[in-house]
Amino acid sequence: MTIARVISVIIGYLFGLFTTGYFYSRHAHVDIRQMGSGNIGTTNTFRTLGKKAGIIVFLGDGFKGVFAVLAVWLIFKGQYPQGIKILEAYAGLGAVLGHNFPVHLKFKGGKGIATTSGMILAFCPWAVPVSLALFSLSVFVKRYVSVGSLLVCAGFFIQTVIFGQTGILGAPKNALPEIYIVVGVVCVLGVIRHSSNIKRLLNGTENKV
């Protein structure tokens, strides 16, 4: 199944290359990389191009994660029924890598939270309610998108472990350690991409919504 793992990552990466924020801004005859924080993700698009643009970019980046996982499921579900959840996790990882490090933008992409959210929806839909609650409460109460994003990452990993151990995830026990590692890498990537936000949070200079 090694080749299937590599193919899953590649499929995910190709989906991740549809950098919605960049393409939307170019359609609007601007370059999102030259605006605001310079990030191509949802938050910067929302702040610089408005609510409509922010929603479109969030949905576009989110569905990359959804489609990547679904594509791999369709391709390999018959061939690897016992390992399909592993391959789905690799597809999600690939989508996040494609968004964060897109080759056509010289590997300078976004932070991957919207794409991770899409991965959650397709890979572990049972984690959606808590993830949504964590993000919403953080944004509406504390007004920090970065805090909500970090909580989504932490919550996703914890819930994956819980649902894996209880059997809800639908993966055989011998597949769980690898799934936890891959999901953990996705979540750690989200935290690393928010390192500058974490510094600003600690310094009390982080931007609020």
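Which residues do ring pairs link into a cluster? Phe18, Tyr22 and Phe23. Keep in mind that this is a predicted model.

Let me stay with the aromatics. Searching the whole structure gives six aromatic pairs. Take Phe63 and Phe67. Their ring centres sit 5.6 Å apart and their planes meet at 25°, so this pair is stacked; the cut-off for that is under 30 degrees. Both belong to helix H4, four residues apart, which puts about one helical turn between them. Phe63 is partly exposed, at 40% relative accessible area. Phe67 is partly exposed too, at 43%.

Next, Phe76 and Tyr80. This pair is tilted, with 6.0 Å from centre to centre and 45° between the planes. Phe76 is buried, at 6% relative accessible area. Tyr80 counts as partly exposed, at 23%.

Lys85 lies over the face of Phe123, 4.5 Å from the ring centre.

Now the largest pocket. Its volume is about 1,400 Å³. The lining has 46 residues, and Thr42, Thr43, Phe58, Phe135 and Val145 lie nearest the centre. Helices H3, H4, H6, H7, H8 and H10 each give two or more residues to that lining. H4 gives the most, with eight.

Last, helix H5, residues 84-100. At 1.5 Å a residue, its 17 residues should span 24 Å, and the end C-alpha atoms are 24 Å apart, so the two agree. H5 is mostly covered, with 16 of its 17 residues buried.

Definitions and conventions:
Residues are numbered from 1 along each chain as its sequence is written. This is a predicted model: local features need pLDDT of at least 70, side-chain atom pairs count only at pLDDT 80 or more; totals for chains, interfaces and linings use all residues. Side-chain values use heavy atoms; hydrogens and water are left out. The expected span of a helix is 1.5 Å times one less than its number of residues. Buried means under 20% relative accessible area, exposed over 50%, partly exposed in between (1.4 Å probe, protein chains only). On a 1 Å grid over the protein atoms alone, a cavity is a set of points where a 1.4 Å probe fits but cannot get out, and a pocket is an open set with protein on both sides within 12 Å along at least five of seven lines; lining residues have an atom within 4 Å of a point. Grid points are joined across faces, edges and corners, and a volume is the space filled by probe spheres set on the points. Rings of Phe, Tyr and Trp (its six-membered ring) pair if their centres lie within 6.5 Å; planes under 30 degrees apart count as stacked, over 60 as edge-to-face and the rest as tilted. A charge sits over a ring if NZ of Lys or CZ of Arg is within 6 Å of the ring centre and within 35 degrees of the ring normal.
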